[in-house]
Amino acid sequence: MTRPDPETTALLTVECQNGVVGEESALPELAAEARDSGMLERVAALVDAAHTAGVQVLHAVAERRPDGRGAGANARLFRAADRLPVRQLSGSRAVRIAPPIRVAEEDLVVRRLHGLSPLAGTDVDALLRNLAVRTLVVAGVSSNIAIPNTVFDAVNLGYRVVVPVDAIAGVPAAYTAEVVRNSLSLVAELTTAAALTNAWAPPR
């Protein structure tokens, strides 16, 4: 992997929020996988390394209004979300970025009320272009839905996409490896969180 240039690279964390990967998750199996696999710690390390290197960090959050306005109902997943014990309501603890990920003042937090991808119908693409970003590093959850959607959308928009494969998670755990091998490897550059943190480390 060619070292992503900090000046033209952004790190996008996907749905790394309390209500998804935190201790009070609406999706406890996914949250357990994110924690137990070390994924959440690796995303936090990536974010810290990005801050140190001057790489722009964006956090993509999925949320809903309490009245549901603007949310989709055209997929089983969306309808199921209304019945979960924890809802991703705007302004609630559930939509805050989950520890140990640190949100810096210069980070951008982009929220969406609909859809499956942080890039579809949101400000992310415009923000990246205004920042002269050409390479997008994608980390977070889930490898079942949001991560592939994000990668495909970014590729379609012309970005070079880098995926640290140990900084994404889904359920069951074995499914992530299959998605990486059979889908993401065809369109994105694959690496690890350690390789990126080392690439962004200050010179000694």
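**A chat about loops and cores**

Student: Where does Ser142 lie?
Tutor: Ser142 is in the loop between S4 and helix H6 (146-156). Keep in mind that this is a predicted model.

Student: What kind of peptide bond joins Val141 and Ser142?
Tutor: A cis bond, with omega at about -10 degrees. Most peptide bonds are trans.

Student: And what about Val171 and Pro172?
Tutor: Those two are also joined by a cis peptide bond, and omega there is about -10 degrees. Pro172 sits in the loop between strand S6 (168-169) and helix H7 (173-187).

Student: Let's zoom out. How many helices and strands are in the protein chain?
Tutor: Eight helices and seven strands.

Student: What does the radius of gyration tell us about the protein chain?
Tutor: A compact globule of 204 residues would come out near 17 Å. The protein chain has 16 Å, which agrees. The C-alpha trace spans about 50 × 35 × 30 Å along its principal axes.

Student: What share of the residues is buried?
Tutor: Buried residues make up 47% of the 204.

Student: Which residues touch the most other members of the largest nonpolar core?
Tutor: Leu11, Val21, Val43, Leu46, Ile101 and Trp200. That core has 30 residues. H3 gives the largest share, eight residues.

Student: Take Val43. What is Val43 in contact with, leaving aside neighbours within four places in sequence?
Tutor: Thr13, Cys16, Ile101, Ala139, Gly140 and Ala167. In soluble globular proteins, nonpolar side chains tend to be buried together.

Student: New topic. What is phi of Glu15 near?
Tutor: Near 55 degrees, a positive value in a residue other than glycine. Most residues other than glycine have a negative phi. Glu15 is in the loop between strand S1 (9-14) and H1.

Student: Why does Glu15 count as buried?
Tutor: Because its relative accessibility is 13%, and buried means under 20%.

Student: And Ala132, what is its phi near?
Tutor: Near 60 degrees, again positive in a residue other than glycine. Ala132 is in the loop between helix H5 (124-130) and S4. At 46% relative accessibility, Ala132 counts as partly exposed.

Student: Last one. How many positive and negative side chains are there?
Tutor: There are 20 positive and 22 negative ones. The centres of the two sets lie 5 Å apart.

Methods
Residues numbered from 1 in each chain as written. Predicted model: local features only at pLDDT ≥ 70, side-chain atom pairs only at ≥ 80, totals over all residues. Heavy atoms only, no water. Helix = DSSP H or I, 4+ residues; strand = E, 2+ residues; numbered from the N terminus. Rg over C-alpha atoms; globule rule 2.2 N^0.38 Å. Buried < 20%, exposed > 50% of the residue type's maximum accessible area, 1.4 Å probe, protein only. Lys, Arg positive; Asp, Glu negative; His and termini not counted. Charge placed at Lys NZ, Arg CZ, Asp CG, Glu CD. Core = buried A, V, L, I, M, F, W, Y, C linked by side-chain atoms within 4.5 Å. Contact = heavy atoms within 4.5 Å.
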